[in-house]
Amino acid sequence: MPNSLNIQADTKETTNIGKFEIKNVPSSTAIVISNSIRRVLLSSMPGCAFASLVSPQLAHEFCAIHGAKEDGTQLVLNIKALNIRYDDLFEGTKEAYIDVFGPKIVTASDIQMPDGLEIINKEQVLLHLEENEEFNAILHIECGRGNRIADPFLKAESTSLGNILIDALFNPVRDVNVECTLAKNNPDLTDVCITIKTNGTISPGILLNTAIKILNTHAKVFADNNFSYSASAKPQEASPAVFKDMELEEMGLSSRTLNALYRFGARKLSDVIMLSREQMLQIPHFGEKCFLDIEEKVKNMGFDFRHE
């Protein structure tokens, strides 16, 4: 078992790179353990990010900004690059504000942040504003894990005109590299080196500790259960009712079928099986091929469409 943890690089909050070496891990489990830590670091770390913005100068993200060099798309990309340090994670949404008057190079330092939140890359340029031009915006900040794409279908309340969604990069981890090297004196043991690169909002050491705690929590669920198998017991088949609350995106449908159903308002399998074949074919942009695509999967789960 590992008997030491040797920190090879500075991991204070002023740096964004930490290098950790774990000595004498059994070779049979070294790759499994280190890659599990890597996957959790890349997918499940909590953080804060800008999730959307509202501005009277922007009807949508693809329009030009009057009196500015950048357009809506470039502004969204610039905001997406901002890194937020937080005192505590929170639920719901907090608001930040931009209220500037040109001529001015608008940077992250011009954003009025709520208490407990701070942008660490304040030099990030957002806009180049011309003389006598004004720009105002409200930025919505949320907390979450991993990353969330700006998909209006996943957040129906955010599809109102003028509310522009932003890809929320909650995860402060930017890259993780794992190296496994056989110990010099014992080929049955391996030295594992984990290098973590962050966005600078939190120290790599805290993130590594958080990832290990998450893995430990999941492993404990299995460890606390008494698994037993009886040779006479027959495997139970899943009841069709189990699939009723399945999200449509989990069914492996084509993009065309999925988008048509989303626009119609369907989100789960239960929303679809209550319709008849004729009603399905009346959905805009949903043709015979789309129906055949979903019909096969619905019947494989033990369901059928309503018969008129």
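Me: How many salt bridges does a search of the whole structure find?
Reply: The model is a predicted one, and side-chain atom pairs count only at pLDDT 80 or more. A salt bridge requires a side-chain nitrogen of Lys or Arg within 4 Å of a carboxyl oxygen of Asp or Glu. Searched over the whole structure, the number of salt bridges is 10.

Me: How many residues apart are D167 and K80, the pair that links distant parts of the chain?
Reply: D167 and K80 meet through their side chains in a salt bridge, at 3.1 Å from N to O. D167 lies in the loop between β11 and β12, whereas K80 belongs to helix α2 (residues 72-80).

Me: Is D167 buried, partly exposed or exposed?
Reply: Buried means under 20% relative accessible area, and exposed means over 50%. D167 has a relative accessibility of 27%. Because this value falls between the two cut-offs, D167 counts as partly exposed.

Me: Which strands stand at the edges of the open sheet of four strands?
Reply: The open sheet has the order β5-β9-β3-β11, and its pairing is antiparallel. A strand at the edge has a single partner strand, so one of its sides is left without a neighbour in the sheet. The strands in that position are β5 (93-101) and β11.

Me: Which residue of β11 stands opposite V54?
Reply: Strand β3 (residues 46-54) and β11 run antiparallel and are joined by three bridges. Strands of a sheet pair through backbone hydrogen bonds. Opposite V54, the residue in β11 is N163.

Me: At about what angle does α2 run to β3?
Reply: Helix α2 lies across β3, β9 (134-145) and β11. Its direction relative to β3 is given by an angle of about 160°.

Me: How does α1 lie relative to α3: roughly parallel or roughly perpendicular?
Reply: The axes of helix α1 (residues 27-43) and helix α3 (residues 204-223) come within 9 Å and cross at roughly 110°. Angles of 65 to 115 degrees count as roughly perpendicular. It follows that α1 lies relative to α3 as roughly perpendicular.

Me: How many nonpolar, polar and charged residues does the contact of α1 with α3 have?
Reply: From α1, the contact is made by S36, I37, V40 and L41. From α3, L207, L208, A211, I212, I214 and L215 take part. By class, the contact has nine nonpolar, one polar and no charged residues.

Me: Which helices are included in what covers the buried residues of α4?
Reply: Helix α4 (residues 255-264) has T257, L258, A260, L261 and Y262 as buried residues. Just after α4, G265 takes a positive phi of about 110°. The cover over the buried residues includes α5 (269-273), α6 (277-281) and α7 (288-300).

Conventions: Residues numbered from 1 in each chain as written. Predicted model: local features only at pLDDT ≥ 70, side-chain atom pairs only at ≥ 80, totals over all residues. Heavy atoms only, no water. Buried < 20%, exposed > 50% of the residue type's maximum accessible area, 1.4 Å probe, protein only. Helix = DSSP H or I, 4+ residues; strand = E, 2+ residues; numbered from the N terminus. Contact = heavy atoms within 4.5 Å. Axes fitted to C-alpha atoms, helices over the stretch in contact; angles between N-to-C directions. Parallel < 35°, antiparallel > 145°, perpendicular 65-115°, else oblique. Nonpolar A, V, L, I, M, F, W, Y, C, P; charged D, E, K, R; others polar. Pairing = 2+ DSSP bridges.
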